[in-house]
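Let us walk through a protein model together, one piece at a time. Keep the picture open while you read, and find each part as it comes up.

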Amino acid sequence: MHRVFPIDAMNRVSTKPIIGILLYRKHVITKQPYIPQLIRSFEKAGLTPLPIFINGVEGHVAVRDLMTTDYEIQQRQLDNIETPSLSSEAVKVDAIVSTIGFPLVGGPAGSMEAGRQVEVAKRILTAKNVPYIVAAPLLIQDIHSWTRQGIGGLQSVVLYALPELDGAIDTVPLGGLVGENIYLVPERVQRLIDRLKSWVALRQKPASERKIAIILYGFPPGYGAVGTAALLNVPRSLLKFLHALKEQGYTVGNLPDDGEELIRWVKEADEANPLVGWASCPPLSRGGQDAHPTSSVNVRTLEKWLGYLQTSRIEKQWKSLTGTGIKTYGDEFQIGGVQLGNIWIGVQPPLGIQGDPMRLMFERDLTPHPQYVAYYKWLQNEFQADALVHFGMHGTVEWLPGSPLGNTGYSWSDILLGNLPNLYIYAANNPSESMLAKRRGYGVLISHNVPPYGRAGLYKELVALRDLIAEYREDPQKNYVLKEGICKKIVDSGLDADCPFADAKRLGIAFTPENVRMFSSHAFDDYLVELYEYLQVLENRLFSSGLHTLGEAPNEEELASYLEAYFGDEPQRRGERREEEKEIRDLLMQSTDELTNLLRGLNGEYIPPAPGGDLLRDGAGVLPTGRNIHALDPYRMPSPAAYQRGREIGQKIIAQHLDEYGKYPETVAVMLWGLDAIKTKGESLGILLELVGAEPVKEGTGRVVRYELKPLAEVGHPRVDVLGNLSGIFRDSFVNIIELLDDLFQRAADADEPEDRNFIRKHALALKAQGVENPSARLFSNPAGDFGSLVNDRVVDGNWESGEELGNTWQSRNVFSYGREDKGQARPEILNTLLKTSDRIVQEIDSVEYGLTDIQEYYANTGGLKRAAEKQSGKKVTTSFVESFSKDTTPRNLDDLLRMEYRTKLVNPKWAQAMANQGSGGALEISQRMTALIGWGGTADFTDDWVYDQAADTYALDAEMADKLRKANPEAFRNILGRMLEAHGRGFWEADSDKLDKLRQLYELTDEELEGITV
């Protein structure tokens, strides 16, 4: 290990920030010019570099023993000595940069026992408590492929996935290979230097002078989404955060008593016209602001900030800078927000035009619209923020066009975030999308807990039914008069759809109270047993109750609900695991760290890492929250347990198909999404491998290097063909897996096996005979660098006529093939063949919080695929789901699961009340689920009347509830009513005219109130 100490660093006289840099010793020996260039760049920028040259494996020793910090020195004076081996000559540094990548402990050799090494790294970095940044030239990939396709494969693991396990932030690729030589990209080196300087300046500036910009979200516009985030109560959390800033000595203006009031201020400012000002507000009632807090940016100023090249990129797409109509008034771009002292709070601009909201931001040449760009440039140059806080899950700046991984100077997220330190509050159960925020958006993640769990219980009709069945079963002979009443309750509540009476179907007699005597008592009694069991399943289903408030520890009741959901209600099981229960209880109480660590992040301190995941599945490992969450090493997927569970599910899918149709499925569509893949460590891959008849092969370090075909005799069923539908995040995060799968499909297509035992080969040969190239391509996704099927955009905007249109939209957005050669080539013939032969679709659901009915993504992707496959094949395609957070691996049918979810969540008074108590955010959550209900009607023909009837009774026709929602969030309430009326209009709901009249009146009333406000 070699140190190079500039003299003034040794004598501690430098006032310049000192940056510890770990560099490869072998690159000095081989005289690689990038090393002196990098060191000189630091010096030129007014930083003092402390270069330490290492062989690769001893990086942590260099950091532990040769670098110290103000924080560590203070702690040692207090006798908190974490590092007894600290050298007396250790140099005080302000930040640490590793150009090695890999884990800090063990370097290139260090991914064998990740867990233990991460703990060591975490201890060392916590003791130093300064930013730890990994930035390096690419040594496995050339500059050309990085700038064309983004960083992929092993290079992404070395530079991103492994260092993130240690809590590394702000990764910047500094250059890469050109031929055999390592070159720096000077502009990227400058980005690293400038971001380092911002972090150091943040730490050095007194809190009272720091300027913080807080970014809220309001997407989609017009639906009451301003100041909301998934699973988080933003108004309460924001107010709590602002009070905490005040206590820390930040200059914060006067705050209202209620967070909802604060959101109203922000919303008004966001919607104000800068030319008119904020007419409705007296000047001093808002913490002493003037009456025109809405700022604006002149088009000439924006051109100056952007420079010629970036200005012309935007003009090329948007024709003119001032002609978009988005928050643009004459030559001025509106920047709406509220400034309270040194704290500015604003709403992130919309991505595009209403009705075409995503316009699609993501194609290569696309750019965000001019006002979006002006907003972030204003924060950099005019407000001059010292740091940003993106408040909750999730914004859009990290999804903007640019390199999928490894920002270049052309990536819009890089241009707009610039050198601003970015603290990003994110739900702890989403280690998938949060990776974009971290990698493309320079986000230091601060995770927050999910809301407490509730058991659905039974309510209204369902309780009455259960009691009737119990009474009837005590003595069926004597209580036969109850039969009609039971039947009426079953039919009225729509339960005959969840749990059909097989005998009625067999005899072709309608199951009605009048006909109930026509069925044999024996069959009816058996049916009631089945129904009673189903009611028990409903009663015990978990749901996510309400929303979480940042930094708030759970109360006794909430604590009990987390523990009960985790341990189940078996006292014996909990007794055996008393230690574990105590540990989890203590960790849940540490959710106060969410606020503490957000404040520490704003001091430029080190935020410890933790895996993102679910308490229910992963136990104590994902707690406490308030951590910089990370994903996993993609070279270890599937894990042994995920492979086994996946195999079991694959076998059940095949068995179910055999049972229903008496033959093997030819093709199964498998949804490969980043979220469940990361959280289950690759269960969906296990399903795919079982269908194809293959297994993972590992090398000595435990990394998966190939998926090997097993001999047919061993597989036990024909090789089933697979349509792998990749989410955008899976496509960009798991390039290595995509290449291994592509290789597997190629080998399966080439295997010398009979076609009736290998459907991959059968289809590939038929495609080849038609002259189709790459006939073994099986992995399809959205266009390169782009996300989403756009089906949900059409559903939200209501601009579609038939379900078939939604299927076509899905298909046009998913025709792009990925593999070793294909990087988004359109292959419509192959997709058509796979859709035409798809007999089933299978998908994992990763958490209680994001079920089929909770978010738009399921119907937009899985529903869209189902619709497209049914159009191609002309038959119904069975769609099955496995809930990966439960021990049960039985795939459930789409309609069955939708019914279960709607009964236990949307129309369950317990869920409804918990959500309605969360103010504007809770109302939005209810409203979004009404939109998703329409989405399922359009893509899957799910049109059970009882869901709409009970939703109308719960949210609109219950005067107290309606009043509560309308007051909390009139736009969201209007959408709830609007979707009910839309459902009737589309023929999804046979509603009685009395109900419809009441809904129409309520809608008109709400609409008028809103128009009155906005005029």
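Ser-781 stands opposite Phe-816 in strand β28. The model is predicted, so local features need pLDDT of at least 70 and side-chain atom pairs count only at pLDDT 80 or more, while totals for chains, interfaces and linings use all residues. Residues are numbered from 1 along each chain as its sequence is written, and side-chain values use heavy atoms, with hydrogens and water left out. Helices (H or I, at least four residues) and strands (E, at least two) are DSSP runs, numbered from the N terminus.

Back to our starting pair. Strand β27 (residues 779–781) and β28 run antiparallel and are joined by 2 bridges. Two strands are said to pair if DSSP finds at least two bridges between them. In general, strands of a sheet pair through backbone hydrogen bonds, either parallel or antiparallel.

Now move on from β28 to its other partner. Strand β28 (residues 816–818) is joined to strand β29 (residues 823–826) by 3 bridges, and these strands also run antiparallel. Here Tyr-818 stands opposite Lys-823 in β29. With 4 residues between them, β28 and β29 form a hairpin. Which sheet do these strands belong to? They are part of an open sheet of 8 strands with mixed pairing, in the order β29-β28-β27-β26-β23-β30-β31-β32. At its edges are β29 and β32 (892–893), each of which pairs on one side only.

Let us turn to helices. Axes are lines fitted to C-alpha atoms, for helices over the stretch in contact, and angles run from 0 to 180 degrees between N-to-C directions. The axes of helix α16 (residues 460–474) and helix α17 (residues 482–492) come within 10 Å and cross at roughly 150°. Therefore α16 is roughly antiparallel to α17. The naming works like this: angles under 35 degrees count as roughly parallel, over 145 as roughly antiparallel, 65 to 115 as roughly perpendicular and the rest as oblique. The crossing of α16 past α17 is left-handed, a term used if the near helix is turned anticlockwise from the far one by less than a right angle, with right-handed used if clockwise. Among the residues of α16 that meet α17 are Leu-465 and Leu-468, and those on the α17 side include Ile-486 and Ile-490; contact means heavy atoms within 4.5 Å. By class, this contact has 8 nonpolar, 1 polar and 4 charged residues. For these classes, Ala, Val, Leu, Ile, Met, Phe, Trp, Tyr, Cys and Pro count as nonpolar, Asp, Glu, Lys and Arg as charged, and the others, Gly among them, as polar.

What angle do helices α10 and α24 make? Helix α10 (residues 234–247) and helix α24 (residues 593–602) cross at roughly 55°, and their axes come within 11 Å. That is why α10 is called oblique to α24. Their contact is made by Lys-240, Phe-241, Ala-244 and Leu-245 of α10 together with Leu-595, Leu-598, Leu-599 and Leu-602 of α24. These residues divide into 7 nonpolar, no polar and 1 charged.

Finally, some details to zoom in on. The whole structure holds 75 salt bridges, each a side-chain nitrogen of Lys or Arg within 4 Å of a carboxyl oxygen of Asp or Glu. One of them joins the side chains of Asp-614 and Lys-679 (2.7 Å, N to O). This pair links distant parts of the chain, 65 residues apart: Asp-614 is in the loop between β21 (609–611) and α25 (615–618), and Lys-679 is in helix α27 (residues 674–680). Leu-623 and Pro-624 are joined by a cis peptide bond, with omega about -5°, and Pro-624 is in the loop between α25 and β22 (628–630).
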